[in-house]
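Please open the model in a viewer and keep the selection panel at hand. The stops below proceed from individual side chains to the chain as a whole.

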Amino acid sequence: MTEITSLRDIPKENIFRKGDTFVLFGELFGRGYVNGLLDEARKAGMNIVGMTVGRRDENLQLRPLDAEELATAEANLGGRVINVPLMAGFDLDAPDGEPTPTALLAGMTLKSWQEDKLDWAQIERCRAAGTARFSASVAKAMAELDSLIPDGSNVYFAHTMAGGIPKVKVFLAIANRIYKGRGERFMSSRALLDSDLGKLILMNFDEVTANTFQHLIDGSAAIRARLEQQGGQARYSAYGYHGTEILIDDKYQWQTYSNYTQGRAKMRLEDVAKGAWAKGVKASVFNCPEIRTNSSDIFAGVELSLFPLLNALKKEGGAAWSQQQWEVCQSLLEDGVSLQDLLDRIAAYNGDATSVLFRNFAAWPMDNTPELAEVMIGTSDGITKLHKTREALITDHLSSLVLEGTGPLMFHEMSAPRAPVIWLNHDIIARQLNSVHN
């Protein structure tokens, strides 16, 4: 892929109405990107239906939610939850009597992991077992969902599944060095990718992040066909990441966080959407801007691209409300620290020769380097220290604004999507926010 299809105009169309169905393919945990879509679905009067990943018992066996867990999940969602465990990935799957991938990784240590080897025939059996389990669960969940969607209505499927890191202690130590280490603590991301541990993680990322989108599209084919026969329509969206255009030297330029290990799975996700699109199914992956979340906090420096959103708010017709966002951000900094000085640091970071080397779209996702770790993690640490407290960071506030902006853009774009892969950059996010608040 050598080009970016970016959303440049705020979409206004809306095919969804009262009585249509919004399906969350994933479980809602706390506040995240999908809350913006849920807000739009509620405004349209749609029925909300969600899924669950299920829970593990004391023997790590997957089970449905119990009555209390189900009630909590449905209250959190504001709709019905289909209680069929849709835990993706195969890290805890295995044929009867055989060890799971997680068990196979248990003996790895910080000293041994780069040389430790896995039995790939065993891994493939586990992968097949996990895929069979997930496929069967999707079929069961879709059969239940089918009875909840009226003939001739429209349905919006929102895919939110991502991740896939096996829960093994050694990876936490490795991740801290790859994503947060510099100097003597720096570790090459290539070392991880070339190891058997890394190869297994990439396989599991594919299963969770990308292949589940295919399972959703295939598993709902009967529902889609039934609705279309009666004049209804089905839409599918998913959340991607493939870098973002932000203001650099007063121009919107593509940049990215490196090393984004999940990047290959996100490109697989894009390929699933392209394959569906080629068959006439309206499925789109929205590559959204970097934000801070519980899961992204492991990536020191991923938040640096958020700061130029302040400049974008002003550039894209910002008025009093945009100025208020600047004032909110200024209030979070230590006394005597200027927000403009902070933005000047970000400009210097984006202009650094090392940073520029990583703005290579065709080579994405690139491996990390000691030089990149020094400038990126060093800038991240330095800027964090300028705040009054780590509990209230400018990037928390800006992340909430990005979340607010993406929901309406995705929801309305899916009424008449223009491409299977669409970038939401800082320009359209800022324009959307200004259109609501100014």
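Buried means under 20% relative accessible area, exposed over 50%, and partly exposed in between, with a 1.4 Å probe and protein chains only. The model is predicted, so local features need pLDDT of at least 70 and side-chain atom pairs count only at pLDDT 80 or more, while totals for chains, interfaces and linings use all residues. Residues are numbered from 1 along each chain as its sequence is written, and side-chain values use heavy atoms, with hydrogens and water left out.

**First selection: Y33 and Y239**

Both residues are buried. The structure holds 15 aromatic pairs; rings of Phe, Tyr and Trp (its six-membered ring) pair if their centres lie within 6.5 Å, and planes under 30 degrees apart count as stacked, over 60 as edge-to-face and the rest as tilted. Y33 and Y239 form one of these pairs, stacked, at 5.4 Å centre to centre with 25° between the planes. Y33 belongs to the loop between β1 (21-25) and α1 (34-43), and Y239 to strand β7 (residues 234-240), so that the pair joins distant parts of the chain, 206 residues apart. Helices (H or I, at least four residues) and strands (E, at least two) are DSSP runs, numbered from the N terminus.

Select Y179, Y241, Y257, Y260, F299 and W364, which ring pairs link into a cluster. Then display W277 with K282, which lies over the face of the ring at 4.3 Å from its centre. K314 is placed over the face of W326, at 3.8 Å from the ring centre. A charge sits over a ring if NZ of Lys or CZ of Arg is within 6 Å of the ring centre and within 35 degrees of the ring normal.

**Next: S195**

Where is S195 found? It is in the loop between α6 (189-194) and α7 (196-219). S195 counts as buried because its relative accessibility is 2%. Its side chain reaches the backbone nitrogen of G198 at 3.0 Å. Leaving aside neighbours within four places in sequence, S195 is in contact (heavy atoms within 4.5 Å) with W113 and Q114.

**Last: the whole chain**

Colour the chain by secondary structure to show 16 helices and 11 strands. The C-alpha atoms fill a box of roughly 60 × 55 × 45 Å along the principal axes. Buried residues make up 56% of the 438 residues. Among contacts between residues at least 6 apart in sequence, 81% join residues at least 24 apart.

Note on methods. Polar contact = N/O pair within 3.5 Å; in protein donor to acceptor, adjacent residues only side chain to side chain.
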